[in-house]
Amino acid sequence: MVFASMLFVFCFLTANLISQLVLKTPKAKNIAMLVFSLIFYSWSGPRYLFLLLAMVLICWRGALGIQRATEEGLRKRYLVLTIALCLAILGFFKYTGFFLSNFQAIFGVPEVIPTIVLPIGISFYTFQLISYVVDVYRREVPAQKKYWVLLLYASLFHQCIAGPIVRYQDINQDILRRKATPAEISRGISRFTVGLAKKAILANGCAAIADTFFDVGAEELAAVPALGILLAAFAFALQIYLDFSAYSDMAIGMGLMCGFHYKENFNYPYVSRSISEFWRRWHISLGSFFRDYVYIPLGGNRGTVPRQILNLFVVWFLTGLWHGASWNYVLWGLYYGLLLGLGRFVVGDRLSRLPEVVKWLGVLVLVLFGTMIFKFTDLTMLGAAIKGLFGFNGNGLTGMEVSLTFRNNLFFLIFASIASTPLGKYLRNILGNLARRNTVCFWVNAVWEAVHPAALLILSAMALAGDSYNPFLYFQF
């Protein structure tokens, strides 16, 4: 079951919201939320539910052991053992096939590589549980004494499948004593429908454009004209932002409707004027996880320049590998690590005097190239796409299909591009401020707030009615 489906929106979510409205005590609400979350997680098959239950049990016992231990050495042993077990489980399911296939390519063994199905959402809830255990070790949050409450934290269906990576300390109080106000419910409905429309209409539409040229074989891709490669890369860049941020919008919106306050996860990264700014705006929860639990413990910006470079390399190697068991994700992570390293240690402030629009365009070009690395798990396809972008495949500049695709989707791409900027947010804030001082603007704003969620819901339902398969991209991680 995915958020962008008729079954989820009109049946599952509706039933869940009714339960949260009818039940009065936080404990009753939490029990109902846990039941709904476990049903949601096991919808496609209950077998990996037991894995989630086991990992929560490991972290629950580990955190309690850390809190009860008085000797620092024992506390650290509990920490290391708990994290090692979590990472071993994640590594087995996510990377066994990857490492065995590389080992086979080098040494010819094993003859048969086992097929291991990746449990849905394991990368996200593993990181959440690790952050919880580390925060208990750091004495930033007390260990949760009730197993089922920690299970609720790890399995909350709003964000357990594809993020954002929510820290226990950020929602601990919401779990214990939350109460959704009418204003928050209204904001939550608006945020959810915006995210739903982003996914059902814009992200899926961009995916169709990108797949026109990218969802082909290697020979067909090599024949795609250079402008076709560029158009597909641009559409895919829009797709991944709209797709990823749509899931976060929907998670944040559903949380508000139930009294949970999840932090922002995307902050219009395509308006960035440097790669470091881009990563402060892109998948904020993942970036903050690697910063707080990997980069800073390694030493961060302290120490010699070589040590700082090593820290940066480790973090971005792991960031790439976290996204998927494929070399293109490792290359993608190292690509951004290289750009950030060059920006910090080589370029410095030398580009600060450039016009803002030049810096913005430069970042877009670099990000566009990065999205191509992210797109192709087959390195042969990646090589064909990169060569084709520069015309090295003898593929020419443009063609009739490229021209028709561009003209037929021009206004859609313009709208999707605008939706990837904070322009709509700024206009809404201006209208809200005017509504406080002007009667006409007040009524315009009131009508807008009342009508746009319903309009977006209807438009999204119409789009979903024609789509039989539209999973979020982060489901593969």
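## The largest nonpolar core

In this predicted model, the largest nonpolar core has 131 residues. Seven of its members touch the most other members: Phe8, Tyr132, Phe157, Phe192, Leu221, Trp282 and Tyr336. Helix 10, residues 226–258, gives the most to this core, with 19 residues. In soluble globular proteins, nonpolar side chains tend to be buried together.

## Helix 19

Helix 19 covers residues 439–465, 27 residues in total. From its first C-alpha to its last it reaches 39 Å, close to the 39 Å expected at 1.5 Å a residue. The helix still bends, by about 30 degrees at Val451. A proline, Pro453, follows within four residues of that point. At the start of the helix, a side-chain oxygen of Asn438 comes to within 2.9 Å of the backbone nitrogen of Val440.

Which residues of helix 19 are buried? They are Cys441, Asn445, His452, Pro453, Ser460, Ala461 and Leu464. Their cover includes helix 1 (6–22), helix 8 and helix 18 (423–435). An α-helix has 3.6 residues a turn, so residues three or four places apart point the same way.

## Leu457

Leu457 lies in helix 19. Its relative accessibility is 25%, so it counts as partly exposed; buried would require under 20%. Beyond its neighbours within four places in sequence, Leu457 is in contact with Val9, Phe10, Thr193 and Leu196. Val402 is elsewhere: Leu457 and Val402 are 55 residues apart in sequence and 32 Å apart in space, C-alpha to C-alpha.

## Asn204 in helix 8

Asn204 is found in helix 8, residues 182–214. Is the residue buried or exposed? Asn204 has a relative accessible area of 16%, so it is buried, given the cut-off of under 20%. Its side chain joins that of Lys199 through a polar contact of 3.1 Å.

Most residues other than glycine have a negative phi, and most peptide bonds are trans. Here are the exceptions to look at.

The peptide bond from Val109 to Pro110 is cis, with omega near 0 degrees. Pro110 sits in the loop between helix 4 (72–107) and helix 5 (122–137).

Tyr268 has a positive phi of about 50 degrees, although it is not a glycine. This residue belongs to the loop between helix 10 and helix 11 (275–281). Tyr268 counts as buried, at 18% relative accessibility. His283 is not a glycine either, and has a positive phi of about 40 degrees. Its place is the loop between helix 11 and helix 12 (284–298). His283 is buried, with a relative accessible area of 1%.

## Cysteines

How many disulfides does the structure hold? The count is zero. Cys11, for one, is in no disulfide. The nearest cysteine sulfur to it, that of Cys258, is 17 Å away.

Cys11 is partly exposed, with a relative accessible area of 45%. Cys206 counts as buried, at 0% relative accessibility.

Note on methods. Residues are numbered from 1 along each chain as its sequence is written. This is a predicted model: local features need pLDDT of at least 70, side-chain atom pairs count only at pLDDT 80 or more; totals for chains, interfaces and linings use all residues. Side-chain values use heavy atoms; hydrogens and water are left out. A nonpolar core is a set of buried Ala, Val, Leu, Ile, Met, Phe, Trp, Tyr and Cys residues joined through side-chain atoms within 4.5 Å. Buried means under 20% relative accessible area, exposed over 50%, partly exposed in between (1.4 Å probe, protein chains only). Helices (H or I, at least four residues) and strands (E, at least two) are DSSP runs, numbered from the N terminus. A polar contact is a pair of N or O atoms within 3.5 Å; within protein, one must be able to donate a hydrogen and the other to accept it, and residues adjacent in sequence count only if both atoms are side-chain atoms. The expected span of a helix is 1.5 Å times one less than its number of residues. The bend at a residue is the angle between axes fitted to the seven residues ending there and the seven starting there. Contact means heavy atoms within 4.5 Å. A disulfide is a pair of cysteine sulfur atoms within 2.5 Å.
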